[in-house]
Amino acid sequence: MSQVFGFSGGDDFCTGGSVYANPKDASIFLSLGRSVDFYYPVPKRSRVSVSFDFDGDWFEKKQKTSIEALPDECLFEILRRLPAGQDRSACANVSKRWLMLLSSISNGEICSNTNEKELSDKEGDDLEFGDEGYLSRSLEGKKATDVRLAAIAVGTSYRGGLGKLSIRGSNTDRGVTNLGLKAVARGCPSLKAFSLWNVSTVSDEGLIEIAEGCQKLEKLNLCKCSGISDKALIEVAKKCPNLTELSIESCPQIGNEGLQAVGKFCANLRSLSIKDCTNVGDQGIAGLLTSASFVLRKVKLESLAISDLSLAVIGHYGFSVTDLVLNCLPNVNEKGFWVMGNGRALQKLMSLKVGSCRGITDAAIEAIGKGCPNVRSFHLSKCAFVSDNGLVSLTKAAPSIESLQLEECHRFTQFGFFGILFNCGAKLKVLNLVSCYGMKDLKLALPAGSPCSLTSLSIRDCPGFGNANLAVLARLCPQLKHVELTGLAGITDAGLLPLLESSEAGLVKVNLSGCLNLTDKVIMSLANSHGWTLEVLNLDGCRNITDASLKAIAVNCSLLSDLDVSKCAITDAGVAALARGKQLNLEILSLSCCSLVSEKSLPALRKLGNSLSGLNIQHCSAISSRAVGMLVEHLWRCDILC
């Protein structure tokens, strides 16, 4: 063997001679010495696909050839030639790089195929569309990332892209940036509604991409977008002439220039909402309203530093305005509201909401009534300078009012309350009072008058409202169908019974939550008199209501679908009585905090579960978790709160 290794390559051993002319080259394979040689037969084709470098002293593995070695420009050209549909979606799953490249390809850059439309129609048959008739997506919190936006853009591009996109809250680590909006702009040219909420990582560049790529945009909603300024809004106004709805909230860099551009270029603007934008002033509001005076229908101005001038412009140029909301405008005085009412342009105004404005006074509200004779819904909240005289003057000047809501207007008393009923008796359908502490329970000698047409009455958290007021209502309001008396500890059976008995149309919805002094007597009367029409009954917190009421309900209220007896003195016997009601088909039942309801009620609840879609048994301490589990398993179609 040693002779073989010591052989230097003579012709008698191998006629072909030494494999290497220079023995040093053999050291690449063997380290036995520079004079070592060996027999080298004719080689077969190597099965190793890796190439080697024979120039060095050691093997050097070369990089395997791959499509990933191509630069982005070449890969872009390849990907844009892919047919639409599953092929593009499959390629998007290869890597993040491929996904982002695909998302950067606009529809105009895709090389079309003759069969592409037929293929996309076939693959898109199983897509679900929203109520608006187009695809809709919403991303919130951690789900809002550039990668997810890119995936949505690529996955829906062959069907024309999204029609509605909402992004709420951003992922703090990998949130939405301009790159994600660029992907949407490239892949969703048919985007019509776009909402961006609380995304500080997006700047003007991102919104400008949307404006350039989604020129069919109709609805834009921006909230707490600190990186977006007038520059982007101006581009939206120029590139998206079909814009019909604009809502901007807490965007400190958006001001007058952007709003003026919207008024100039968006001739179809129908709805405008501006809230808490510190740079918005009279110049921007006036410029927009004067330009869109014949098309703008809905206007909402809230928490802005505008003055009387803006309201004067509304009063003189709001020819098409039907809905107007003015809330928290500290710099607007009585003069502004007075001029708005006397401007005579708000003839089409149907709904007016005014809140937290110190400029709204009796004189101002009377002027508004004269200037808006066709207003049907009026909502006034936290206006400390409005009294009975102003509200009565309003109803006289605008007799077409059908719905009136007063919230935290503490100078409003029972005199104004009944004065409104006398003046608007023929038209007023809905009257709501919330936390009006000026209301007192006084016996009034009111003149005889024709009954009013009020069908819905809501008195909430007005502690002074009591039995005497209910007695007057019983004489004036025989057409009531919806009654809400909540948080009124002063009313008793004696006060409520005349109101229930006077209703000729039949009560449909009754809410008596928080009326601590009501007893079974009034509920039994309600069930006997209005059981044929009653659909919703809320007795939450009526601690004197017992099983007797449930027995009357089970027998008489065949149409009742929603019953709330939380915090009532209900026991297992009452629940069993409900279950025995042959004509009762409850859909929602709340027994929250009924400590006397125990596991004995499980059979009754199972029977009621044949029609129930919602059951609340929270804080029922006598029902164990094991029993709740059994109930959940049995009533699998019912949404149970426990």
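Modeller: Cys277 is buried, with a relative accessible area of 1%; buried means under 20% relative accessible area, exposed over 50%, and partly exposed in between, with a 1.4 Å probe and protein chains only. The structure is a predicted model, in which local features need pLDDT of at least 70 and side-chain atom pairs count only at pLDDT 80 or more, while totals for chains, interfaces and linings use all residues. Residues are numbered from 1 along each chain as its sequence is written, and side-chain values use heavy atoms, with hydrogens and water left out.

A disulfide is a covalent bond between the sulfur atoms of two cysteines.

Lys275 is partly exposed, with a relative accessible area of 26%. Glu249 is also partly exposed, at 22%. These two residues form a salt bridge, with their closest N and O atoms 3.7 Å apart; the term denotes a side-chain nitrogen of Lys or Arg within 4 Å of a carboxyl oxygen of Asp or Glu. Because Glu249 belongs to strand E5 (residues 245–249) and Lys275 to strand E6 (residues 271–275), the pair ties together parts that are 26 residues apart in sequence. Helices (H or I, at least four residues) and strands (E, at least two) are DSSP runs numbered from the N terminus.

Asn256 is found in helix H10, residues 256–265, and is buried, with a relative accessible area of 18%. Its side chain reaches two backbone nitrogens: that of Gly281 at 2.8 Å and that of Gly284 at 3.0 Å. Both are polar contacts, that is, pairs of N or O atoms within 3.5 Å; within protein, one atom must be able to donate a hydrogen and the other to accept it, and residues adjacent in sequence count only if both atoms are side-chain atoms. Beyond its neighbours within four places in sequence, Asn256 is in contact with residues including Asp230, Asn279 and Val280, where contact means heavy atoms within 4.5 Å.

Other salt bridges lie within a helix. Lys239 and Glu235 form one, with the closest N and O atoms 3.5 Å apart. The two are 4 residues apart in helix H9 (residues 230–239), so about one helical turn separates them. An α-helix has 3.6 residues a turn, so residues three or four places apart point the same way. Lys370 and Glu366 also meet in a salt bridge, at 3.6 Å from N to O, and they are 4 residues apart in helix H14, residues 362–371. Salt bridges that share partners join Glu249, Lys275, Lys300 and Glu302 into one network. The whole structure holds 7 salt bridges.

These details belong to a protein of 23 helices and 20 strands. Of its 642 residues, 49% are buried. Among contacts with a separation of 6 or more, 81% join residues 24 or more positions apart.
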